[in-house]
Structures are given as structure tokens and as C-alpha cells.
Amino acid sequence: MTRPSLPTYATTLGFARAQADVASTARIAPVAISRRRPGPIDQAPNRPICHPSLAELAPAIVREPAAPERPPARAPVDPLRARRIRFRLPVAFAEPGGMADLSEPAVVRRLVDRLGFSAGGGALAAAQRRGFDAIAVSLLHPSGADAGVAATPAPDVPLLPRPAKGAGGRPDAAALKAWRKELREQQATLAIWWLDRLVAAAQPTRERLTWFWHGHFATSVQKVRSASLMLGQNETMRRLGAGDFGTLAHAMIVDPAMLIWLDGNDNTAAAPNENLAREYMELFGLGHGNYTEGDVREAARALTGWKVDRATGTARLRPRLHDDGAKTVLGTTADLDADGFVTVVLDRPASAEFVASRLWARLVSADTPPSPDLRDTLLSAYGPGRDVTALLAAMVASEPFRATGTSLVKQPVEWLVGLCRSLGVRPSALAAGQRKRLLAGLRGMGQLPFRPPSVGGWPAAGGWLTTAAALARMNTARLVVAAADPVGLAGSSAKTRADDVRRLLGVDRFSSRTANAIAQVADQPAAAVAIGAVSPEYTVSA
């Protein structure tokens, strides 16, 4: 059978122009391809990168999915030796100028995008009928049990002790190989489970916050090497992430996965290790420039003595390994321990500003910080109780949240989860080979749950707009659309295909180029939906 030839999305524009389309939709400057991973507020030089046009993606969308190629072997990388992403609080705050407000339906769609994981079709239409205020209350203050959460219980991923060393000082080779294989299988099980939970949650804001905190307190199973410990951290973030940030911050400083990830497990009075102390102040609690090297040394002493028991998955303080002398951290002198250190960090005014700036950058705008007056409003909402939900409520009630210019490029997991929710596809329901391809697609886009690239977390904004990411996104869209049977266009006609795809995916409007590309495959609903899913209008939360 001869496949139909597809029209050009931008025949003469090429990769760079198509990238500019995406950047324009997101209101960000195109960024350059770089081996360095930019951080959430880190922008690369203003040079275009290669992002395929829909004309170049569409023929591949129509073809049958091909099995992914095995990536080339790479030497192991210590994520802690990678360039650390330094977050700086904005120096000057300015309200977005000359930006029009979104329409009421569009701002409801944005609210569902930002506090959840997108919605399309009937779910979005129902939310828009209820209105912004009602949806904001239901997202921030859900009532009743969540049937989606109940349907996706946490998997059984028992602790897997490393095989004991034999007579030659090494574990048995066969036992070690089997252990590593089981570790990989557990990690894949855990990733698919969380994707399933994100898709299924009927009250998605708690899961959205859990996802945010996973990027904030970035911890990777690559070094922790325990799905069980990663699940424990995940459940702590879910349980504490919507309330007092201080409670979560105190829990994270002695979280077993965190202690292994940042070498807190090796920090003793006789040999202090500064990793956890430094990263905690810079990336988790204060931001760059708000502490000194002396503070790092003293804080490391406060965190000495914690050990993780791999057999039980618990962490406890061993007093004989703890430095119980006086320490001076951020101007406070006392016999500080882990809890005392966190209290000192959180009491600094810079801490509240830092946490608010991180949430703002991920949920409102990575490019446009709040004005001084709005910043004060946000910090007042956060308050002495460090109320995360109250801070979110103030953010979504602000004028910039309604402005057309505060767009965000969707992270790959956000994009995938939103697509699955719109099409009714559950990752756990896919065949084993499809699940592997789904995770391979996320890996190709640069983001796998439980595997951030470094302690600085994942990039944002233009960091996701690369050629490799676009091609992986296209293949993943085809996989998800193929799993949606039917694709949700019942009663749709070829004549109205572009508008029907737009409503199905929850997009406000398609550009003429995207609409024309969809129109050319109007007789192939699956291809039309896949093209819509990789379009700039869907890739960006406008």
C-alpha cells in the first residue's frame, strides 16, 4: 500500500525556523545544542537549534513504529562531578509588560496544565464550564478519596542486598549479574508505576507537587541503586509536599536515598564530607550566594554520624560518629545536628524567596519573575508556616498567571502524561515491549522518572527543544496514539479533523501550519492526533 504524501509544515523553513516556531509559542529565546544541561533558570546563548518541522516528522508519523536502536555504551559518569547548576534569585523583578490576558477558557486550561498534567476532550470542557475559581479550589483543596490513586497502589520492590563478597574479595560473577538484572527490572517497574499514577490521578495536584519535589530534591537511582529507597523518598514527598515546606525539608536531610546520593552516609566526625551540606544550602534551601565556604564546613560537621542500613532501608544517627561540638552556620553558633542545621537554613529570609522562585519558575514562568509587590504577596502567603498550598494559590491568583507571555515548555514527563490522560492510555496496560519503548522514548527526550542527570535536576524552557528530543517525542507520540483504540475522535469527520484534534488534546488553537499538516492526513485519525501531539502548540503550555 502506498502511503499518502504529506504536505509541508514549513517546506522552505527547515529545522531552525521550526525551532523558532516552538520558541515563539513558548515566548523564549531559542537555545543552542550543548552537552551541558541547562538548569531550570539557566539559559543558553541565543542561537537557534535544530528542531524538526512537522513536514519532516509527519512522514515518520505515518510509518509503522520501528524498534528503538540500542544506544551506544557510555562510560559511567559520577553525577556529582558533573557541572553543578547554580540557581540565583532574580536580581530585578518586573511585571510582564505589554502582555494581554488569556481568555477565561484558556486560563482554565492553563490552570489544569500547571497544577495537573493537562486535560483534553470532555474533561477540559467540563472544567471550563465550572470556571477558574471552582477548578482552582478543587485542585488545591481536593475532597474525598482519589479513585485513580486507589487503582494504582505502589509496587512491591523489596530491598535487594548486594551479593556478599567471596573468598577472592569479589561477589560471585553470576550472582552479581543476576542482582544487577533484578535492579534494572525493579527500576523499570517503579518508573512505569509512577507514570501510571500520574496518568490515573483524579486529583492531580498532589502528584504534580510530588513530581516538582522530585526535581527539586533531585536524587537518582543510578547511584542509590535501590528502587525501594527511591519509592520511600517518593512517598515522603507525596505525603509532605503540599503542606509545611519545613516538615519536608527536615525529612529530606535524613532521607536514606538522599544520604546515599549526596554521601551523607560517609560523613563522620573523623572525616567530614561536605557534599550534602553544600548542595542542601545551594540547591534545596537557600540558593547560590547565600552561604560561605565556612558555612559549608561547619554544616558538614552538623550532619555527621548518619548511616543507612541497606538491609532494612532505614537511616539512624550513630552518636559515636557525630561531631557534638559547637558549630557556627549562617551566623548561628550552637551544638547543631541535622535538624538544627535545617532550622537555621529555613530561618534565613533568602530561603522563602528561593523556594518561591523555584515553584514560580516551574509552574508560572521561567523567564518572567514576579514584581516586588507580587513577590511580597507570595512570601506573605507562604508565611511563617511555609505553606506550599497557600503559595500556589497566590501564584495562580496573580496577574502574570493570566498573561499570554508566561508560557512554559512542557517537560517530557509532563508532555507524555498529559497525552496519555487525553487519550485514555495507561502505561501499565501496555505490552511489555511497548513499556520498554515508552521508557526508551522518555530517555531519548532526556527525562526518566527517578533518574535526574545531576543533583541540579532537569533543565527547563529551551533545554528540551533539541533535534534528538523532537524525534524521540514523535516516536513516543506514535506509540501512545497506537495504544489508544479508538483515538478519541468518534464522530469526527475529515473536514473538521484539525479542530477535533485540537479539542481532544486540549489546545486553544493550532497555527495555520499545524492545521494544514493535520488536514493532509485527515483520513488517518491516528496520524492526525500524533501530528497534533508533537506540534509547538501542544509541546508548550501556553
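What follows is a working chat about a predicted model of one protein.

Colleague: What am I looking at, in terms of helices and strands?
Modeller: It is a predicted model. The protein has 26 helices and six strands. Of its 542 residues, 56% are buried.

Colleague: What pLDDT does the protein average?
Modeller: The average is 85, and 82% of the residues score at least 70.

Colleague: What share of the contacts join residues at least 24 apart?
Modeller: Taking contacts between residues at least 6 apart in sequence, 76% join residues at least 24 apart.

Colleague: Let's go inside. How many residues are in the largest nonpolar core?
Modeller: It has 139 residues. W213, F217, F341 and L359 have the most contacts inside it. Helix α7, residues 173-200, gives the most to this core, with eight residues.

Colleague: What is F217 in contact with?
Modeller: Leaving aside neighbours within four places in sequence, the list includes Q233, M237, L248, A249, M252 and M258.

Colleague: Which residues do ring pairs link into a cluster?
Modeller: F212, W213, F217, F245, Y280, F284 and F341. The structure holds 11 aromatic pairs. In one of them, the rings of F212 and W213 have their centres 4.8 Å apart. Their planes are at 70°, so this pair is edge-to-face.

Colleague: Are those two buried or exposed?
Modeller: F212 is buried, with a relative accessible area of 9%. W213 is buried as well, at 0%.

Colleague: Which charged residues sit over rings?
Modeller: R402 has its charged end over the ring of F132, 4.6 Å from the centre. R473 lies over the face of W415, at 6.0 Å from the ring centre.

Colleague: New topic. Which residues of α17 are buried?
Modeller: L374, L378 and Y382, in a helix that runs over residues 372-382. Seen down the axis, the buried residues of α17 fall within an arc of 85°, so they line one face.

Colleague: Why would residues at that spacing point the same way?
Modeller: An α-helix has 3.6 residues a turn, so residues three or four places apart point the same way.

Colleague: What does the face turned away carry?
Modeller: The exposed residues D373 and S380.

Colleague: And what covers the buried residues of α17?
Modeller: The cover includes α11 (245-253), α16 (349-363), α18 (388-396) and α19 (399-402). Just after α17 comes G383, with a positive phi of about 60°.

Colleague: Which residues other than glycine have a positive phi?
Modeller: L330 is one of them, with phi near 55°. F450 is another, at about 75°. Most residues other than glycine have a negative phi.

Colleague: Where are L330 and F450 found?
Modeller: L330 is in the loop between β3 (327-329) and β4 (332-334). F450 lies in the loop between α21 (432-445) and α22 (467-483).

Colleague: Buried or exposed?
Modeller: L330 counts as buried because its relative accessibility is 8%, under the 20% cut-off. F450 is buried too, at 3%.

Colleague: Now R162. Where is that?
Modeller: R162 is in the loop between α6 (147-150) and α7. With a relative accessible area of 46%, R162 is partly exposed.

Colleague: What does R162 touch?
Modeller: Not counting residues up to four places away in sequence, R162 touches P171, L176, W179 and R180. R162 and A311 are 149 residues apart in sequence, and their C-alpha atoms are 9.6 Å apart in space.

Colleague: Last one, D339. Which helix is that in?
Modeller: D339 is in α15, residues 338-347. At 43% relative accessibility, D339 counts as partly exposed.

Colleague: How far apart are D339 and L303?
Modeller: They are 36 residues apart in sequence. C-alpha to C-alpha, D339 and L303 are 8.9 Å apart in space.

Definitions and conventions
Residues numbered from 1 in each chain as written. Predicted model: local features only at pLDDT ≥ 70, side-chain atom pairs only at ≥ 80, totals over all residues. Heavy atoms only, no water. Helix = DSSP H or I, 4+ residues; strand = E, 2+ residues; numbered from the N terminus. Buried < 20%, exposed > 50% of the residue type's maximum accessible area, 1.4 Å probe, protein only. Phe/Tyr/Trp six-rings, centres within 6.5 Å; stacked < 30°, edge-to-face > 60°. Lys NZ or Arg CZ within 6 Å of the ring centre and 35° of its normal. pLDDT = per-residue confidence, 0-100. Core = buried A, V, L, I, M, F, W, Y, C linked by side-chain atoms within 4.5 Å. Contact = heavy atoms within 4.5 Å. Arc of directions from axis to C-beta.
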